[in-house]
Amino acid sequence: MFTLSAAKSPSMRQILLAYVVTLLAVLALDLVWLGLLMGPTYRHYLGDLMLAQPRLIPAALFYLLYSAGLLVFGIVPALRAQSWRQATCLCGLLGLVAYGTYDLTNQATLTVWSPMLALMDIGWGIAVSCIAGTLAYFAGKRVA
C-alpha cells in the first residue's frame with residue numbers, strides 16, 4: 001500500500017506549494033471548527049481554563065510546525081509514491097498520533113478533560129490532517 005522506494009523526489013516548487021496549501025487548509029478548517037462549530041463546546045468543557053482570546057504567537061508556531069510535519073511525514077512521501085491515498089492515510093495517522101498524544105495526556109493529567117472532548121478532538125485531528133494532506137498532495141501533483 002505504501003511505497004518507500006527511491007522514486008522521483010518532488011521539486012522544491014512542489015514542496016513549497018504543498019506546504020502553503022497545507023498551512024492554509026489547516027488554518028481555514030480550524031477557523032471554522034474552533035471559531036464557528038466547536039467554540040461553545042470547548043468553552044462548556046473547559047470553562048475558565050480557556051483564554052478569552054488565543055495567544056497568537058504560540059498558535060502561529062503550532063500551525064507552522066504542524067503543517068511542516070504533515071508535509072514531511074505524509075505529503076512528500078506520497079508525492080514520491082504518486083499516491084493521494086498514501087497522503088490521506090499518512091496525514092491521518094499523524095493527526096491521530098499528534099492529537100491523540102495531546103488529548104490523552106490532557107485526559108490523564110487534567111480534571112476537566114473529558115473522554116467526550118478527547119474523542120471529538122482526536123477525530124477532528126484525524127479529519128483536518130487527512131483533508132489538508134490530500135489537498136496539498138493534489139496541489140503539489142498539479143505543479144509536476
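Me: Buried means under 20% relative accessible area, exposed over 50%, and partly exposed in between (1.4 Å probe, protein chains only). What makes F62 partly exposed?

Reply: This is a predicted model, where local features need pLDDT of at least 70, side-chain atom pairs count only at pLDDT 80 or more, and totals for chains, interfaces and linings use all residues. Residues are numbered from 1 along each chain as its sequence is written, and side-chain values use heavy atoms, without hydrogens and water. F62 has 32% relative accessibility, so it falls in the partly exposed class.

Me: Why does Y66 count as buried?

Reply: The relative accessibility of Y66 is 7%, so the residue is buried. F62 and Y66 share helix α3 and sit four residues apart, about one turn of the helix. Helices here are DSSP runs of H or I with at least four residues, strands are runs of E with at least two, and both are numbered from the N terminus.

Me: How many aromatic pairs does the structure hold, and which residues do ring pairs link into a cluster?

Reply: There are seven aromatic pairs in the structure. Ring pairs tie F62, Y63, Y66 and Y99 into a cluster.

Me: How do you know what kinds of element the protein chain has?

Reply: The protein chain has five helices and zero strands. Read from the N terminus, the order is α-α-α-α-α. The C-alpha trace spans about 50 × 30 × 20 Å along its principal axes. Of the 144 residues in the chain, 40% are buried.

Me: What share of contacts in the protein chain join residues at least 24 apart?

Reply: Contact means heavy atoms within 4.5 Å. Count those between residues at least 6 apart in sequence, and 77% of them join residues at least 24 apart.

Me: Which residues in the largest nonpolar core touch the most other members?

Reply: A nonpolar core is a set of buried Ala, Val, Leu, Ile, Met, Phe, Trp, Tyr and Cys residues joined through side-chain atoms within 4.5 Å. The largest such core has 29 residues, and Y42, L70, L71 and I75 touch the most other members. Helices α1, α2, α3, α4 and α5 each give at least two residues to this core. Its largest share, eight residues, comes from α3.

Me: What is I75 in contact with, leaving aside neighbours within four places in sequence?

Reply: The partners of I75 are A18, T22, L70, C91, G133, A136 and Y137.

Me: Why does Y137 count as buried?

Reply: Y137 has 2% relative accessibility, and therefore it is buried. It lies in helix α5. Beyond residues up to four places away in sequence, Y137 touches I75, A78, L79, Q82, S83, W84 and A87. Y137 and L27 are 110 residues apart along the chain, with 17 Å between their C-alpha atoms.

Me: Is Q82, with a relative accessible area of 53%, buried or exposed?

Reply: Q82 is exposed, because its relative accessible area is 53%. Q82 is placed in the loop between α3 and α4.

Me: What is phi of Q82?

Reply: Phi of Q82 is near 55°, a positive value in a residue other than glycine. Most residues other than glycine have a negative phi.

Me: What makes I15 partly exposed?

Reply: I15 has 22% relative accessibility, so it counts as partly exposed. Its place is in helix α1. Setting aside residues up to four places away in sequence, I15 touches P10, L71 and V76. I15 and P77 are 62 residues apart along the chain, and their C-alpha atoms are 11 Å apart.

Me: Why does I131 count as partly exposed?

Reply: The relative accessibility of I131 is 37%, so I131 is partly exposed. I131 belongs to helix α5. I131 and P10 are separated by 121 residues in sequence and by 20 Å in space, C-alpha to C-alpha.

Key. Phe/Tyr/Trp six-rings, centres within 6.5 Å; stacked < 30°, edge-to-face > 60°.
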